[in-house]
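Please read this report with the sequence and the 3D structure side by side. It goes through the model one region at a time.

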Amino acid sequence: MKNKDLATDYIQRAGHRLAALEVLFERQSHADVVREGQEVVELCLKALLRVSGIEPPRSHDVSDILIENKIRLPSQIQLHAETLAKISKKMRRDRELSFYGSEDLTPSTFYSLEDSQEAIHDARWVYATCEAVIK
């Protein structure tokens, strides 16, 4: 890992996306809240891995890497590693579906207010948890 500034960049960009989630939520664009919420989580967790000296994979879900390297994470994060991993895995499942849909699923009608609320809640929590050790 050569670029130490990436972790700070990732968390800042996650914060910008988190602000955008508020607009998407107000507009009741539930599928977009789910999609962008996943990106917030991904950026935060990759920033966390970087500050822990772990090169993040070029994949959207880092749950396995978090669990495998739990001992290398900051001590205040180690307690939350399983929860962070669970959120990463869950949100990764909906990444493409919430954006593209499929022949039998239209994102704007499939994702509900409850899905949107859960995504924004998880994104806020992951951001707050990770930001505390990155900034």
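## Basis of the model

This is a predicted model, in which local features need pLDDT of at least 70 and side-chain atom pairs count only at pLDDT 80 or more, while totals for chains, interfaces and linings use all residues. Residues are numbered from 1 along each chain as its sequence is written, and side-chain values use heavy atoms, with hydrogens and water left out.

## A loop residue

Q28 lies in the loop that runs between α1 (5-26) and α2 (30-51). Helices here are DSSP runs (H or I, at least four residues), numbered from the N terminus. The phi angle of Q28 is near 60°, which is a positive value in a residue other than glycine.

Is Q28 buried or exposed? Q28 counts as exposed, because its relative accessibility is 59%. The cut-offs are under 20% relative accessible area for buried, over 50% for exposed, and partly exposed in between, with a 1.4 Å probe and protein chains only.

## The largest nonpolar core

The largest nonpolar core has 37 residues, and L45, L48 and L66 touch the most other members. Helices α1, α2, α5 (81-93) and α8 (113-134) each supply at least two residues of this core. The largest share, 11 residues, comes from α2. A nonpolar core is a set of buried Ala, Val, Leu, Ile, Met, Phe, Trp, Tyr and Cys residues joined through side-chain atoms within 4.5 Å.

With neighbours within four places in sequence left aside, L66 is in contact with L45, L48, L49, L73, L84 and A85. Contact means heavy atoms within 4.5 Å.

The largest pocket has a volume of about 230 Å³. It is lined by 13 residues, of which Y10, E42, L43, K46 and R58 are the closest to its centre. Both α1 and α2 supply at least two residues each to the lining of the largest pocket, and the largest share, 5 residues, comes from α2. By class, this lining has 5 nonpolar, no polar and 8 charged residues. Ala, Val, Leu, Ile, Met, Phe, Trp, Tyr, Cys and Pro count as nonpolar, Asp, Glu, Lys and Arg as charged, and the others, Gly among them, as polar. A pocket is found on a 1 Å grid over the protein atoms alone, as an open set of points where a 1.4 Å probe fits, with protein on both sides within 12 Å along at least five of seven lines; lining residues have an atom within 4 Å of a point. Points are joined across faces, edges and corners, and the volume is the space filled by probe spheres set on them.

The second largest pocket has a volume of about 150 Å³. Its lining includes V34, K90, M91, D94, F110 and Y111. Helices α5 and α8 each give at least two residues to the lining of the second largest pocket, and α8 gives the largest share, 4 residues. This lining has 5 nonpolar, no polar and 5 charged residues.

V40 is in helix α2 and is buried, with a relative accessible area of 0%. V40 and R92 are 52 residues apart in sequence and 11 Å apart in space, C-alpha to C-alpha.

E39 is also found in helix α2. E39 is buried at 15% relative accessible area. Leaving aside neighbours within four places in sequence, E39 is in contact with R17 and R95.

## Side chains that reach the backbone

S98 is found in helix α6 (residues 95-100). S98 is buried, with a relative accessible area of 2%. Its side chain reaches the backbone oxygen of D94 at 2.7 Å, and a polar atom of the S98 side chain lies 3.2 Å from the backbone oxygen of R95. A polar contact is a pair of N or O atoms within 3.5 Å; within protein, one must be able to donate a hydrogen and the other to accept it, and residues adjacent in sequence count only if both atoms are side-chain atoms. Beyond four places in sequence, S98 is in contact with A31, V34, R35, P107 and Y111.

Q78 is in helix α4 (residues 75-78). The side chain of Q78 reaches the backbone oxygen of I71 at 3.1 Å. Not counting residues up to four places away in sequence, Q78 touches K70, I71 and L73.
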